[in-house]
Amino acid sequence: FGYVSLKGANIDGGTVTADVSMLTIPVTASYLGIGSGNHRLELGAGAVFADISGSSSSDGAKAFGSASGVVGTAIAGYRYVRPGEGLTFRAAFTPLFGEGGFQAWAGVAFGYSF
């Protein structure tokens, strides 16, 4: 899952503040059957639930908003996995797509299996 909260203020001839938060919960399935030894091609797909809310104010005027929904995601990348215990590594292209169009994303992950 992911969560981010951003706050900002500008005090220059008046006070302007903004507060935005976003929660994401991805649910995906991956196939790791292509490759040999510790090196695997990862292919997958799934969905991401997102909940976004925000507010702003400027010299007494206030605005609020929120939205939630589900978008699709895909996974195409490389995964290094050692059998049993050991280091794992993943680098993948993970785009989001839905009514709002296509958004390119990518990521890198390090971990330890036991």
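These legends describe close-up views of aromatic side chains in a predicted model. Local features need pLDDT of at least 70 and side-chain atom pairs count only at pLDDT 80 or more, while totals for chains, interfaces and linings use all residues. Residues are numbered from 1 along each chain as its sequence is written, and side-chain values use heavy atoms, leaving out hydrogens and water.

**View 1. The aromatic cluster of Tyr78, Phe89 and Phe110.** Two aromatic pairs are counted, where rings of Phe, Tyr and Trp (its six-membered ring) pair if their centres lie within 6.5 Å; planes under 30 degrees apart are stacked, over 60 edge-to-face and the rest tilted.

**View 2. The tilted pair of Tyr78 and Phe89.** The ring centres are 6.3 Å apart, with 50 degrees between the planes. Tyr78 belongs to strand β4 (residues 61-81) and Phe89 to strand β5 (residues 86-93), so the contact ties together parts 11 residues apart in sequence. Strands are DSSP runs of E, at least two residues, numbered from the N terminus. Tyr78 is partly exposed at 31% relative accessibility, and Phe89 is partly exposed at 23%. Buried means under 20% relative accessible area, exposed over 50% and partly exposed in between (1.4 Å probe, protein chains only).

**View 3. The tilted pair of Phe89 and Phe110.** Here the centre-to-centre value is 5.1 Å and the planes make 50 degrees. Phe89 in strand β5 meets Phe110 in strand β8 (residues 106-113), so this pair ties together parts 21 residues apart in sequence. Phe110 is exposed, with a relative accessible area of 64%.

How values were computed:
Helix = DSSP H or I, 4+ residues; strand = E, 2+ residues; numbered from the N terminus.
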